[in-house]
There are 2 protein chains.
Amino acid sequence: MEFQINKEFIAYVSKLFAENNTKQVINIFKDVHHADLAELFNEIEPELAVSIIKILDTDKTSDAIVELDEDVREDILKGLSSEEIAKEVDELDSDDAADVISELSEEQKEEVISKIEDVEHAKDIVDLLRYDEDTAGGLMGKELVKVRESWTNMQSIKEMRLQATEVERVYTIYVVDNNDVLKGRLSLKSLLTTSTKALVNEVYSTSITSVKVDDKAEDVAKVMQKYDLVVVAVVDEMNRLVGQITIDDIVDVIIDEAKEDYQMAAGITDDVEADDSILELTKARLPWLILGLFGGLGAAAIMGSFEDTLSRFPILFFFTPLIAAMAGNVGVQSSAIIVQGLANDNIKGSLWDRLIKEVSLSLINGLVLGCLVLAYGFVQDFQILTSLTIAISLVIVIIIAALIGTFVPIILHKRGIDPALATGPFITTSNDIFGIFIYFMIAKIILPI
Amino acid sequence: MEFQINKEFIAYVSKLFAENNTKQVINIFKDVHHADLAELFNEIEPELAVSIIKILDTDKTSDAIVELDEDVREDILKGLSSEEIAKEVDELDSDDAADVISELSEEQKEEVISKIEDVEHAKDIVDLLRYDEDTAGGLMGKELVKVRESWTNMQSIKEMRLQATEVERVYTIYVVDNNDVLKGRLSLKSLLTTSTKALVNEVYSTSITSVKVDDKAEDVAKVMQKYDLVVVAVVDEMNRLVGQITIDDIVDVIIDEAKEDYQMAAGITDDVEADDSILELTKARLPWLILGLFGGLGAAAIMGSFEDTLSRFPILFFFTPLIAAMAGNVGVQSSAIIVQGLANDNIKGSLWDRLIKEVSLSLINGLVLGCLVLAYGFVQDFQILTSLTIAISLVIVIIIAALIGTFVPIILHKRGIDPALATGPFITTSNDIFGIFIYFMIAKIILPI
């Protein structure tokens, strides 16, 4: 039976376990990639996943455990003893090992660490657990290949052979001095194209990008993106090489951030997915809806305070949803552009320039839309003052909504708050209220009340 | 004067050119990274950038040109002769070279290609220009290091030395047979840890991931993410190795897609940025606003057709913005979750399961919000039937909005249309209209009219 995640396959594997046919189970999973194994584990009952993990090689299962969804991993680790977890962790690179261990309870953490066979590995992990997960230190791995500037190429190759057995993949050969201070890198190319007797000192390149161990993960992502890096060295305050961050970990950071901004814009908090439980989804969605509800009740209260105007010009009523919707749409557009600009450090020029630009932009949009409204009013045979009230309100509401959408994120950003908070329901709700208020104020001025 | 992008620095460089002091210009930019140079070019007048490019080493300027914003690059290339462009392109990896050349006019394309000195390089570029930019072929570079399975380690090292001079960075050493068919990869580790006399055949690993040259870019991105690849081999229909794609190009694909989804959700078409011209921004924003306007006018027309109801219960008016806003918010939440799920192939289970889940979820949210409305009505001393009308409408509108937000993207996806289209203004506008219509229908049923 071929490996293909579906009901038949899962039933087949369960049956093999019921029959105690572990040999066949091992056989099925022989050539399966750990990422595919993780995909399977995400789908099946944790008990079955635990059974599979117990009989397969830790070499493969450990990598699969790293790839799991967090909640699935939690369930599966519950089914393993501390000793078994330690064996899995022993196979992992230090950064992945630290990630897995950091999710355990304080008590189990110590127990697992004490059972890791490779003491150096355990030390590395304990070291990494100290760092905040949103910093370079929290992302880096300790495994790397380094040579001393005083060595010859030959000596380097000899030492690298020893180091390479510990390292999954050699991205860069770092060059350090006797105090482990990062000096540069030795390219495979120059190692291949220079004499084996040449000194590292003579052939290494000093052009190397490093980040500090306390740098924020998103700043590391920016550096790696800007300079198209596959790997970046991490140094401490004394410029000593302490680890490296590879691009795959940074891709995750980038994707998570994009996902977070998108979800905030859509009015969802927490990192939820379509397959999460109803409770989790409600927790992520309801707060924003309640905010929207209060906004709507606020709008109702504002309309109530203009009851005189409304009772004489009930037609105004019909256009409140229009005004509110346009205020919301414009606000979301402006805030999305600013939030993306802020994320890419792309907002240049003074606030004044930006003000002028947003006003011009929304004036153009507003005038086009205002004319359309006038045309609609003409066709529908509205009183000219009524049409004018709606059209003028629309122009002014659009300008103000654009300004709110632009400057609220900028202000939040300046105060160190995530500007993405100001997209989505927050901006639509406040713009709804402002929009309706402005609409009736203008009606009061223009119409003969 | 140190390199730091600001007005003083730009003025200083301009002054140096005015004084014909090119030596000092070269000196300033000596140690500047090409990515920083690109950042500078994005900021200054194209003419000044062209002057700088003409006197600096093509080694550095070519890489900077690749990193530029597309519109800036267009302006700068206009200032260079075909011969000068050919010189820049000569320095680039084939994939970047093809990207730059593909932006030129048909006429200039041929002229530039004919002036590239390295004929092999020119052939590679012409080859790459054939592929659609959204496929693996459009992303791959031709430069790579490969060895034959019949060679010894020693022979491999010798051949690799030759190949490596052409290759910027060696990610993987590919193993091919005599017909260039991809067999596997030779890890640096096994090259370092086995005898120089060993045959490649005996030491190479067959575990290698490849994509087909016609695979879609987003599918390549998924594969590279899933298997945490830094580089992936690209093969043709006969499994012959034709190129490789590196992770930095894929990061761009991933970011572009996230950005596009985000912008669509915010009601912005095209890839605009905060610093684009007012015309470009208007073109990206106005169409969605016009859609919103028609939605609003539609809502007004619907309300007009319920004039009887409204004239007897004018208080209903006050809550139309609330109903419309909630319908919009719920629709955006549901669609965002589904769009992300579809993007990650994360939507499992039958449509029926999803229906049940969305209805339960929105029933919970709706009941909570409905109770809040009843409480508000009680405090404000509304007639009980009025409060009930608003609360019941809210529950039903939320359920229907959630269903529209969930199933419209799923249907679009099944028909091969980007589901992200159904987020943002499209869903808010249609939900506004539905919401208001349902609200008044329910009012008509409940209230004694």
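# Notebook: chains A and B

**Symmetry.** I superposed chain A on chain B: a rotation of 180 degrees with 0.0 Å of shift along its axis does it, at an RMSD of 0.1 Å. That is the relation of a two-fold axis. I then compared the contact residues, and 100% of those of chain A recur in chain B, so the same surface serves both copies. I note that this is a predicted model.

**Chain A on its own.** I listed the secondary structure of chain A and found 22 helices and 6 strands. Next I looked up its extent. The C-alpha atoms fill a box of roughly 90 × 65 × 40 Å along the principal axes. Of the 449 residues in chain A, 45% are buried. I also looked at sequence separation in the contacts of chain A. Taking pairs at least 6 apart in sequence, 71% of the contacts join residues at least 24 apart.

**The interface.** How many residues of chain A are in contact with chain B? I get 86, and they meet 86 residues of chain B. I then asked which elements of chain A give two or more residues to this side. They are helix 12 (153-164), helix 13 (188-193), helix 15 (217-226), helix 16 (247-265), helix 17 (278-305), helix 19 (320-343), helix 20 (351-379) and helix 22 (425-446). Helix 17 of chain A gives the most, with 17 residues. I sorted the chain A side by residue class: 53 nonpolar, 20 polar and 13 charged.

**A helix pair in chain B.** Two packed helices are described by the angle between their axes and the distance between the axes. I looked up both for helix 21 (residues 384-414) and helix 22 (residues 425-446) of chain B. Their axes come within 9 Å and cross at roughly 145 degrees. The crossing of helix 21 and helix 22 of chain B is right-handed.

Which residues meet there? From helix 21 of chain B I noted, among others, B:Leu385, B:Leu388, B:Ile392, B:Ile396, B:Ile400, B:Ile404 and B:Val408. From helix 22 of chain B the list includes B:Ile427, B:Asn431, B:Phe434, B:Ile438, B:Tyr439, B:Ile442 and B:Ile446. B:Gly405 of helix 21 and B:Gly435 of helix 22 are also in the contact. By class, the residues of this helix contact divide into 16 nonpolar, 6 polar and no charged.

Technical notes: Residues are numbered from 1 along each chain as its sequence is written. Chains are lettered from A and ligands numbered from 1 in the order in which they are written. This is a predicted model: local features need pLDDT of at least 70, side-chain atom pairs count only at pLDDT 80 or more; totals for chains, interfaces and linings use all residues. Axes are lines fitted to C-alpha atoms, for helices over the stretch in contact, and angles run from 0 to 180 degrees between N-to-C directions. Helices (H or I, at least four residues) and strands (E, at least two) are DSSP runs, numbered from the N terminus. A crossing is left-handed if the near helix is turned anticlockwise from the far one by less than a right angle, and right-handed if clockwise. Two residues are in contact if their C-beta atoms, placed from the backbone, lie within 7 Å. Ala, Val, Leu, Ile, Met, Phe, Trp, Tyr, Cys and Pro count as nonpolar, Asp, Glu, Lys and Arg as charged, and the others, Gly among them, as polar. A residue is buried if 20 or more other C-beta atoms lie within 10 Å of its own, exposed if 12 or fewer, and partly exposed in between; C-beta atoms are placed from the backbone. Copies are superposed by least squares on the C-alpha atoms of residues with pLDDT of at least 70 in both.
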